[in-house]
Amino acid sequence: MSTLLAYAAPHSPNPAMYNKGAQAYLQTQVQSRTPVELVVMLYDGAIKFLGQAREAMARRDLIAKRHALSRGLAIVQELQNMLNMEAGGEVAERLDGLYTYILGRCYEANTQLDPAGLDEAIKLLTPLRDAWAAVAQNPAQAG
């Protein structure tokens, strides 16, 4: 859970300035979620930070791009690390390959300063996020 909090916390150049009330709110928000809702939060964070990296790249703000991209990449890596390859079977294997591809596209976008890779990563993550959100809203139909 602390990993999720680290990803979700707003960036501040001075961590001491980070509002403790906001941090407590975020911690409560994370603790009150189901595991599926936490996965949705991770996808939301990945999509948000990769979008911020794309915007920072467009305006040539390399510091903001680096920060947002590193957070987005960390979340995708966390999603990949959470895969249960034994229980997940073929679905987990396919997701593992997809996450590897997404990470590669993000690295290419970063080295070439070409936002197309970030656009593609967001495009690939969005339907996965929506599928998990649908499961979170109606877990009985998840089967």
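Among contacts in the protein between residues at least 6 apart in sequence, what percentage join residues at least 24 apart? The share is 63%, where contact means heavy atoms within 4.5 Å. This is a predicted model, in which local features need pLDDT of at least 70 and side-chain atom pairs count only at pLDDT 80 or more, while totals for chains, interfaces and linings use all residues. Residues are numbered from 1 along each chain as its sequence is written, and side-chain values use heavy atoms, with hydrogens and water left out.

**Overall make-up**

- The secondary structure comes to 6 helices and 0 strands, and along the sequence the pattern reads α-α-α-α-α-α; helices (H or I, at least four residues) and strands (E, at least two) are DSSP runs numbered from the N terminus.
- Of the 143 residues in the protein, 33% are buried, a class that means under 20% relative accessible area, with exposed set at over 50% and partly exposed in between (1.4 Å probe, protein chains only).

**Helix packing**

- Two packed helices are described by the angle between their axes and the distance between the axes.
- The axes of helix α3 (residues 35–58) and helix α6 (residues 116–137) come within 9 Å and cross at roughly 160°, the axes being lines fitted to C-alpha atoms, for helices over the stretch in contact, with angles running from 0 to 180 degrees between N-to-C directions.
- That crossing angle makes α3 roughly antiparallel to α6, on a scale where angles under 35 degrees count as roughly parallel, over 145 as roughly antiparallel, 65 to 115 as roughly perpendicular and the rest as oblique.
- The crossing of α3 and α6 is left-handed, a term used if the near helix is turned anticlockwise from the far one by less than a right angle, with right-handed used if clockwise.
- For helix α4 (residues 62–81) and α5, the axes come within 9 Å and cross at roughly 170°, and these two helices are therefore roughly antiparallel to each other.
- The contact between them is made by K65, L69, L73, V76, Q77, L79 and Q80 of α4 together with D96, Y99, T100, I102, L103, C106, Y107 and N110 of α5; α4 passes α5 in a left-handed crossing.

- The structure holds 7 salt bridges, each defined as a side-chain nitrogen of Lys or Arg within 4 Å of a carboxyl oxygen of Asp or Glu.
- One of them joins the side chains of E90 and R94 at 2.7 Å, N to O; both residues lie in helix α5 (residues 85–112), 4 residues apart, about one turn of the helix, and R94 is exposed, with a relative accessible area of 60%.
- Another links E108 with R105, their closest N and O atoms being 2.7 Å apart, and here the two residues of helix α5 are 3 residues apart, again about one turn of the helix.
- R105 counts as buried at 18% relative accessibility, whereas E108 is partly exposed, with a relative accessible area of 36%.
- Not counting residues up to four places away in sequence, R105 touches A116, G117 and E120.

**A salt-bridge network**

- D44, R129 and D130 are linked in a network of salt bridges, and within it D130 bridges to R129 with the closest N and O atoms 3.5 Å apart.
- D130 counts as partly exposed at 40% relative accessibility, and R129 also counts as partly exposed, at 22%.
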